Amino acid sequence: MKRIILASVCTGLLFSSPLSALAEKAAAQGKALFEKHCAVCHPNGGNTIRPEKTLHRKDLTENKITTAKDIIGKMRSPGPGMTRFDKATIPDKDAQKIAEYVLNTFK
Ligand code: HEC
């Protein structure tokens, strides 16, 4: 009996660990930042200006954008029609959260 209680306490700790709480917080921040800075032109991961350049994995991969670093690179030096986001506007830490949100959301 004691073992069962111990096991369930451990499982509980695992799922509510500070690490997953932090990850959840970062994901929520990524979403909020995306909505603030990007969603005007990329609603639901689309692209209102260049419809063929969405944020969905297929288009991203075709354009050789596969990692968070690639997405941050795009923010720092975008192509025609996209706003440039420098470090003063979106610091690297926030840019990373946005990039991870994009990669995890638009598949
Ligand atoms: C003013 C409109 C506008 C805003 C705001 C904007 N984008 Fe873009 N985005 C574009 C356009 C236009 C393109 C296509 C041109 C290019 O490749 O840069 C594009 C392309 C991209 C691509 C490449 C897509 C592909 O399939 O090749 C990524 C990634 C991207 N944007 C991410 C972002 C992120 C992240 C933000 C917010 C921080 C953002 N964009 C904000 C207009 C915008």
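**Chat about the ligand site**

Me: Before we start, what kind of model is this?
Reply: A predicted one.

Me: Switching to the iron atom of the ligand: which protein donors does it have?
Reply: His 42 through NE2 and Met 82 through SD, lying 2.0 to 2.2 Å from the iron. The two come from distant parts of the chain, 40 residues apart. His 42 is in the loop between helix 2 (18-37) and helix 3, while Met 82 is in the loop between helix 4 and helix 5 (92-105).

Me: What's the geometry of the iron site, then?
Reply: Octahedral, with 6 donor atoms and angles of 86 to 179° among them.

Me: Back to the ligand's oxygen atoms. Where does Lys 74 come in?
Reply: A polar side-chain atom of Lys 74 lies 2.7 Å from a ligand oxygen. Lys 53 also has a polar side-chain atom 3.0 Å from an oxygen of the ligand.

Me: And Gly 79, which atom of it lies 2.7 Å from a ligand oxygen?
Reply: A backbone N or O atom.

Me: Last one: which pocket does the ligand take up?
Reply: The largest pocket.

Definitions and conventions: Residues numbered from 1 in each chain as written. Predicted model: local features only at pLDDT ≥ 70, side-chain atom pairs only at ≥ 80, totals over all residues. Heavy atoms only, no water. Polar contact = N/O pair within 3.5 Å; in protein donor to acceptor, adjacent residues only side chain to side chain. 1 Å grid on protein atoms, 1.4 Å probe; cavity = no way out; pocket = protein on both sides within 12 Å on 5 of 7 lines; lining within 4 Å. Sits in = over half its atoms within 2 Å of the grid points. Donors = N, O, S within 2.8 Å, 3.2 Å for Na, K, Ca; no water. Tetrahedral: all angles 85-135°; square planar, octahedral: opposite > 155°, others 65-115°. Helix = DSSP H or I, 4+ residues; strand = E, 2+ residues; numbered from the N terminus.
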